[in-house]
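I opened this notebook to record what I looked up in one structure. The entries follow the order in which I checked each topic.

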Amino acid sequence: MHLKTTIFSFLFLSLIIINNKNRKDSMACPPSTLSLSLDSTLQPCLFAPSAPSTTLAGTTTSLPPEKRQPSIFRSLLGRFSSSSATQPTASSRTDAPDQPGAVINDEAVQVLRDFRVIVELDRGGVLEIRPVEPGEMEATGTLLAETFSESRLVPVRYAHLIAFLVKQYLEERRALEPHVAVLIGFYKESDAEGPAQLACTAEISFDARGANVAPPTPHPPPDCPYICNMAVRKSLRRRRIGWHLLEACEELITRMKAKREVYLHCRVVDKGPFDMYRKAGYEVSKTDSYFIWLSLQRRKHLMWKKLPPPSDDDAVNKTSACDDHPI
């Protein structure tokens with residue numbers, strides 16, 4: 001009886017502490033983390049790595065068996081795992097049936113390779129958004145790791161570990177192209193000398209083959225496009241870079257001829273990103289229950305939007321704009 005009372009008291013106090021912490025976060029939450037699903041998916045790897053067979057997103061890689069490589073990430077989790085019990089491996093989506101809107105043809109590969117959007121920002125400067133290249137994985141992983149660490153208040157000593165895990169995750173996700181795309185954005189001041197700096201990144205899964213087997217809650221439909229892991233460099237925020245990154249994601253989804261229903265997550269405490277998504281036309285589909293706090297995660301909204309039908313005129317205008325303003 002005393003044991004039960006102690007357990008319930010501990011859970012009750014935990015809820016109070018987490019609730020107070022979320023209230024403080026909601027009063028002064030930074031407009032930095034957009035649709036950052038790493039907030040809920042990387043945490044189990046750091047605090048409870050008991051499943052050596054899972055990847056950063058809580059899923060097994062969806063690579064075909066002949067292309068799978070021994071994952072350093074899984075080996076690292078296995079080395080630090082404190083549990084001897086094995087867990088069942090989540091099923092892969094490589095055998096997902098062909099569906100309407102599935103991105104599986106050679107044309108989609110070329111569309112992804114040629115995709116590029118260049119925008120002149122209102123406050124000056126030029127932003128170029130395109131798919132990530134192999135030599136840019138480390139810098140992209142560092143940007144995501146910095147944003148994750150900031151949003152989760154992770155100690156600085158874990159920064160290099162997080163960056164390593166994120167880079168491994170990005171490499172596994174990029175191998176799933178064209179079912180998955182990782183976009184990055186480079187910013188350069190007007191008339192400035194020197195190379196542009198990495199400003200933002202986002203990930204898109206277009207169909208069931210690119211979807212994570214165990215995505216963050218509330219679960220989005222696996223066969224619909226899903227935008228996640230959006231991040232903007234701290235020194236470049238409040239320039240509408242996040243807005244243009246979201247528009248670029250939607251434009252790529254349209255060009256890839258995926259389904260028009262797009263989903264993303266937004267934490268309940270992130271009022272700035274939430275208002276941006278609402279302004280962009282996204283609506284709340286579902287919201288996490290308060291019990292999600294017991295897993296040390298913040299509550300999230302699952303939001304969705306139905307994109308307008310593709311327009312050939314819009315595609316021509318976008319291409320012309322890119323050609324007229326090279327970065």
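I began with the terms for burial: a residue is buried under 20% relative accessible area, exposed over 50% and partly exposed in between, with a 1.4 Å probe and protein chains only. The model is predicted, so I noted that local features need pLDDT of at least 70, that side-chain atom pairs count only at pLDDT 80 or more, and that totals for chains, interfaces and linings use all residues. Residues are numbered from 1 along each chain as its sequence is written, and side-chain values use heavy atoms, with hydrogens and water left out.

Entry: the chain as a whole.
I found ten helices and eight strands; these are DSSP runs numbered from the N terminus, helices being H or I of at least four residues and strands E of at least two. Of the 327 residues in the chain, 49% are buried. The chain exposes about 16,900 Å², and carbon and sulfur atoms supply 56% of it; the areas come from the Shrake-Rupley method with a 1.4 Å probe, and for residues only the protein chains shown count as cover. I then took contacts (heavy atoms within 4.5 Å). Among those with a separation of 6 or more, 75% join residues 24 or more positions apart.

Entry: nonpolar cores.
I defined a core as a set of buried Ala, Val, Leu, Ile, Met, Phe, Trp, Tyr and Cys residues joined through side-chain atoms within 4.5 Å. The largest has 40 residues, and those with the most contacts inside it are Ile227, Leu246, Leu252, Tyr277 and Tyr282. Helix H8 (residues 241–255) gives the largest share of this core, eight residues. Another core, of 17 residues, lies apart from it and includes Ala145, Phe148, Tyr169 and Leu170.

Entry: aromatic rings.
I counted three aromatic pairs. Rings of Phe, Tyr and Trp (its six-membered ring) pair if their centres lie within 6.5 Å; planes under 30 degrees apart are stacked, over 60 edge-to-face, and the rest tilted. Tyrosine 277 and tyrosine 282 are edge-to-face, 6.0 Å centre to centre with 70 degrees between the planes, and both are buried. Tyrosine 290 and tryptophan 293 are also paired edge-to-face, at 5.2 Å and 70 degrees. Tryptophan 293 has a relative accessible area of 8% and therefore counts as buried.
I also looked for charges over rings, which require NZ of Lys or CZ of Arg within 6 Å of the ring centre and within 35 degrees of the ring normal. The charged end of arginine 299 sits over the ring of tyrosine 290, 4.0 Å from its centre. Lysine 279 lies over the face of tryptophan 243, at 5.8 Å from the ring centre.

Entry: backbone exceptions.
Most residues other than glycine have a negative phi, and most peptide bonds are trans.
Asparagine 229, in strand S5, has a positive phi of about 55 degrees. Is asparagine 229 buried or exposed? At 1% relative accessibility, asparagine 229 is buried. Arginine 238 has a positive phi of about 65 degrees and is found in the loop between S5 and H8. With a relative accessible area of 65%, arginine 238 is exposed.
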